[in-house]
Amino acid sequence: MTAERPSRCRIVYVIIGTVDGPQTRKVRVDAIAGEEEAMGRREFEEADRDVVTESEKKLKPPAMYKVLLHNDDYTTMEFVVQILQSVFQRSHAEATAIMLHVHRNGIGVAGVYTYEVAETKVAIVDAMARQHEFPLKCTLEPT
C-alpha cells in the first residue's frame with residue numbers, strides 16, 4: 001500500500017490593468033505531485049508565470065477639446081455671464097472674469113471637455129443665443 005502524496009495547489013494573485021484601473025484576480029494553479037521537483041524550482045516558477053499572465057490593452061485617455069466663446073458687438077455681457085453660469089456651471093465671479101477676457105481679447109475658453117461633451121455644450125450655447133436673438137459664436141478646438 002503506497003501513500004499518495006497530495007497534489008499541490010497554489011493560489012496566485014494577478015494584477016491586471018483595466019479601464020477602471022488595476023484589478024486583482026485570484027487564479028488557482030494546480031501542480032501534479034512531484035512536478036515542481038522534476039522541473040526544478042526556477043523552471044516551475046517560469047511555467048507558473050506563463051500560465052497565469054493576463055494582459056489587457058491599456059486605453060489612452062480621451063482627447064480633450066476647448067470650448068471657445070467669441071466676442072461680438074451685439075451680445076450683451078449679462079447674457080454671456082448667464083451662459084457661462086448655466087451651461088458651463090461657473091460661479092458668478094468666474095463667469096464675469098471669463099466674459100471680460102472674451103470682451104478684451106476677442107476669444108476665451110469657457111471649458112475643456114471630451115469631444116462629445118464639448119460638442120453638446122456648443123450646440124446648447126448656439127441654441128440659447130438663437131433663442132435670445134444674439135449672434136454669439138461658440139466653437140471647439142483640440143487642446
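Guide: The discussion below takes up aromatic pairs, salt bridges and accessibility.

Guide: This is a predicted model, in which local features need pLDDT of at least 70 and side-chain atom pairs count only at pLDDT 80 or more, while totals for chains, interfaces and linings use all residues. Residues are numbered from 1 along each chain as its sequence is written, and side-chain values use heavy atoms, with hydrogens and water left out.

Visitor: Why is the pair of Tyr-65 and Tyr-115 called edge-to-face?

Guide: Rings of Phe, Tyr and Trp (its six-membered ring) pair if their centres lie within 6.5 Å; planes under 30 degrees apart count as stacked, over 60 as edge-to-face and the rest as tilted. Here the centres are 5.1 Å apart and the planes make 70°, so the pair is edge-to-face. Tyr-65 lies in strand β3 and Tyr-115 in helix α5, 50 residues apart.

Visitor: What makes Glu-141 and Lys-66 a salt bridge?

Guide: The term requires a side-chain nitrogen of Lys or Arg within 4 Å of a carboxyl oxygen of Asp or Glu. The closest N and O atoms are 3.1 Å apart, so the pair qualifies. Glu-141 belongs to strand β5 (residues 137-142) and Lys-66 to strand β3, so the bridge ties together parts that are 75 residues apart in sequence.

Visitor: Why does Glu-141 count as partly exposed?

Guide: Buried means under 20% relative accessible area, exposed over 50%, and partly exposed in between (1.4 Å probe, protein chains only). Glu-141 has 32% relative accessibility and is therefore partly exposed. Lys-66, at 23%, is also partly exposed.

Technical notes: Helix = DSSP H or I, 4+ residues; strand = E, 2+ residues; numbered from the N terminus.
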